[in-house]
Amino acid sequence: MAVTMAGGDAQLTSHSHYDVVVVGARVAGALTAALFAQRGLSVLVLDRARLPATTLSTHFFRGDWLIRVIRQSGALPDVEALGAPHLVCEYNYENGATEAVAGPPQDPGDVGWCWSVRRLPLDEVLLESARRAGAHVLTSMAVAAINKRAGRVTGVVLADGSSVTAGLVVGADGRRSTIAQLVRA
């Protein structure tokens with residue numbers, strides 16, 4: 001692998017190959033990268049932003065979904081340490097009622113609770129989890145194009161002109177996904 005590490009982030013030094021390139025390094029991308037890297041695959045995570053960085057976003061993590069994945073990634077103790085309270089009930093105001101009806105949280109799964117964690121520290125913890133799992137991280141680098149062969153995506157071209165080949169390219173880059181646009185999803 002032709003990569004050097006500087007300040008915790010990868011810097012490509014020439015044409016590189018990875019088993020998986022994950023475009024987008026926030027919640028979905030960082031967790032995806034951590035899970036692939038834990039299985040022994042070489043993983044590069046890319047994000048156009050310099051992370052951690054603020055973003056306008058709200059989120060609600062169901063115990064049966066995202067919290068389970070955070071646990072599988074090994075990041076649960078670090079996310080717990082951020083101090084977000086466990087959401088063990090939900091209050092609903094139905095049909096214009098002035099009194100709330102308390103009920104269980106949505107899809108609490110086997111953990112029994114849901115979460116809402118501040119985005120900035122969460123992104124930082126999850127990205128560090130991906131690094132610990134062995135993923136290389138390159139922030140402040142946008143994807144400019146994709147490489148294709150026989151109709152299959154085989155890598156990405158970065159904004160600096162460097163090329164990265166991969167067995168799999170994952171677009172986890174959000175609502176206005178560059179990858180989705182480039183593959184015309």
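## Model and confidence

The structure is a predicted model, in which local features need pLDDT of at least 70 and side-chain atom pairs count only at pLDDT 80 or more, while totals for chains, interfaces and linings use all residues. Residues are numbered from 1 along each chain as its sequence is written, and side-chain values use heavy atoms, with hydrogens and water left out.

The average pLDDT of the chain is 87, and 89% of the residues score at least 70; pLDDT is the predictor's confidence in each residue, from 0 to 100. Where pLDDT is low, the predicted coordinates should not be read in detail.

## Packing of H1 with H2

Helices (H or I, at least four residues) and strands (E, at least two) are DSSP runs, numbered from the N terminus. Helix H1 (residues 27–38) packs with helix H2 (residues 63–73) at an angle of about 40°, their axes being 9 Å apart. H1 is therefore oblique to H2, since angles under 35 degrees count as roughly parallel, over 145 as roughly antiparallel, 65 to 115 as roughly perpendicular and the rest as oblique. Axes are lines fitted to C-alpha atoms, for helices over the stretch in contact, and angles run from 0 to 180 degrees between N-to-C directions.

On the H1 side, Val27, Leu31, Ala34, Leu35 and Gln38 meet Leu66, Val69, Ile70, Gln72 and Ser73 of H2. By class, this contact of H1 with H2 comprises seven nonpolar, three polar and no charged residues.

## Packing of H1 with H4

H1 also packs with H4, at an angle of about 20° and with the axes 8 Å apart. The two helices, H1 and H4, are therefore roughly parallel to each other. From H1 the contact involves Val27, Ala30, Leu31, Ala33, Ala34, Ala37 and Gln38, and from H4 the residues include Arg119, Leu122, Asp123 and Leu126. In the contact of H1 with H4, eleven residues are nonpolar, two polar and two charged.

Seven salt bridges are present in the structure, each a side-chain nitrogen of Lys or Arg within 4 Å of a carboxyl oxygen of Asp or Glu. Arginine 71 pairs in this way with aspartate 110, the closest N and O atoms being 3.6 Å apart. Arginine 71 lies in helix H2 and aspartate 110 in the loop between strand S6 (101–103) and helix H4 (119–133), so the pair ties together parts that are 39 residues apart in sequence.

Lysine 148 belongs to strand S8 (residues 143–149). Apart from neighbours within four places in sequence, lysine 148 contacts Val153 and Thr154.

How values were computed. Contact = heavy atoms within 4.5 Å. Nonpolar A, V, L, I, M, F, W, Y, C, P; charged D, E, K, R; others polar.
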